[in-house]
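The following exercises are to be worked with the sequence and the structure at hand. Each task is followed by a solution in steps.

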Amino acid sequence: MTVLLNGESIQLPEQIVSVSDLLEHYEIHDKVVVVEVNGEILNRLEHQSTRLSDKDRIEIVHFVGGG
Amino acid sequence: MLKIGPLSFNSRLLLGTGKYPSYETQKEAVEVSQAEILTFAVRRMNIFEPSQPNFLEQLDTNKYTLLPNTAGAKTAAEAVRIAKLAKASGLCDMIKVEVIGCDKTLLPDPIETLKATEELVKEGFIVLPYTSDDVVLARKLQEAGCHAVMPGASPIGSGQGIINPVNLSFIIEQAVVPVIVDAGVGSPADAALAMELGADGVLLNTAVSAAKDPVKMAKAMSLAIEAGRLGYEAGRIEKKRYATASSPKEGMSIG
């Protein structure tokens, strides 16, 4: 499937089904990240159960230095 | 003790985590500052380069309270979204509402700031809005249920210090929640003055991170804030036009 990931159109490998799979694919599953799918903000427990679909808009954010 | 909502802190310094020359310097500065509340921003992750260092990952999050900001928001709706993203990390319930209304001065949009504060209080956040030094707005933010008000001393990152101490003292006098002077502090003298005016705390970033020696400046700010607070509690003397001798006039052995 093709998704819009942090503003970029990305073709995902077939084995990626859930948000957890996506985070593991990018090797960021151990990091402090927050995921939003089509405007819905997920808590960590929902990563496993949230399935991705073609054309999903996915935002992955984290904390950076700021004042 | 600085009390914000249900939380208590020994340190009255809130430290920003942006723009340090290196993570090592930052780590040391944070430690030396004795700050217990650290601010962060929420941004898109560069997922294609996940190995990039991240300060938060090197931090013992049990030791510090995270205060994410909504920097980047220009409307209440954007601020609320960023706040919810931050909370979904499971690491924090506090949010610094920062809704900028002017790119050049980085002064806050008062109307959107109030709207975002109202919404986030309803959502159960501990809400600390960054605001201009306007006593009427500060009162309205309090009425909206915010847990601290954070008036700017001068524009963000400008280092101009407290350009309107009278306005700040108006806010402090009527405050029913802690007043944290946020933005514009340039030197330890500025931070001490804020505390002497009766502020409950100071939030600063650039004054430390962009100092020639950030670690030393972190220490200086920590001491200045403590000194200013003690001075405020001790109560300063009235200013007089003419001198008053400190030594007694009686019992002089000459003349």
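**Exercise 1: Surroundings of a helix residue**

Task: Determine which residues B:T117 is in contact with, leaving aside its neighbours within four places in sequence.

Solution. Step 1: With contact defined as heavy atoms within 4.5 Å, B:T117 touches B:V97, B:V127, B:P129, B:L141, B:A144 and B:C146, once neighbours within four places in sequence are left aside.

Step 1: B:T117 belongs to helix α3 of chain B, residues 110-122; helices (H or I, at least four residues) and strands (E, at least two) are DSSP runs, numbered from the N terminus.

Step 2: B:T117 counts as buried because its relative accessibility is 0%. Buried means under 20% relative accessible area, exposed over 50%, and partly exposed in between (1.4 Å probe, protein chains only).

Conventions: The model is predicted, so local features need pLDDT of at least 70 and side-chain atom pairs count only at pLDDT 80 or more, while totals for chains, interfaces and linings use all residues. Residues are numbered from 1 along each chain as its sequence is written, chains are lettered from A and ligands numbered from 1 in the order in which they are written, and side-chain values use heavy atoms, with hydrogens and water left out.

**Exercise 2: Salt bridges within chain B**

Solution. Step 1: A salt bridge is a side-chain nitrogen of Lys or Arg within 4 Å of a carboxyl oxygen of Asp or Glu. By this rule, B:K96 meets B:E98 at 3.7 Å, N to O, and B:D182 with the closest N and O atoms 2.9 Å apart.

Step 1: The pair of B:K96 and B:D182 links distant parts of the chain, strand β6 and strand β9 (residues 180-182) of chain B, 86 residues apart.

Step 2: B:K96 and B:D182 are both buried, and B:E98 is buried as well.

Task: Explain why B:E112 and B:K115 are separated by about one helical turn.

Solution. Step 1: The two residues are separated by about one helical turn because they are three residues apart in helix α3 of chain B.

Step 1: B:E112 counts as buried at 15% relative accessibility, whereas B:K115 is partly exposed at 43%.

**Exercise 3: The interface of chains B and A**

Task: State how many residues of chain B are in contact with chain A, and which three supply 27% of the area that chain B buries there.

Solution. Step 1: The contact involves 30 residues of chain B and 26 residues of chain A. B:R44, B:M45 and B:I47 supply 27% of the area that chain B buries against chain A, more than any other three residues.

Step 1: The two chains bury about 2500 Å² between them, 63% of it on carbon and sulfur atoms. Buried area is the accessible area (1.4 Å probe) that two parts lose on being put together, summed over both.

Step 2: Three salt bridges are counted between chain B and chain A; B:R44 and A:E59 meet in a salt bridge at 2.8 Å, N to O.

Step 3: β4(B) gives the most to the side of chain B that touches chain A, with six residues.
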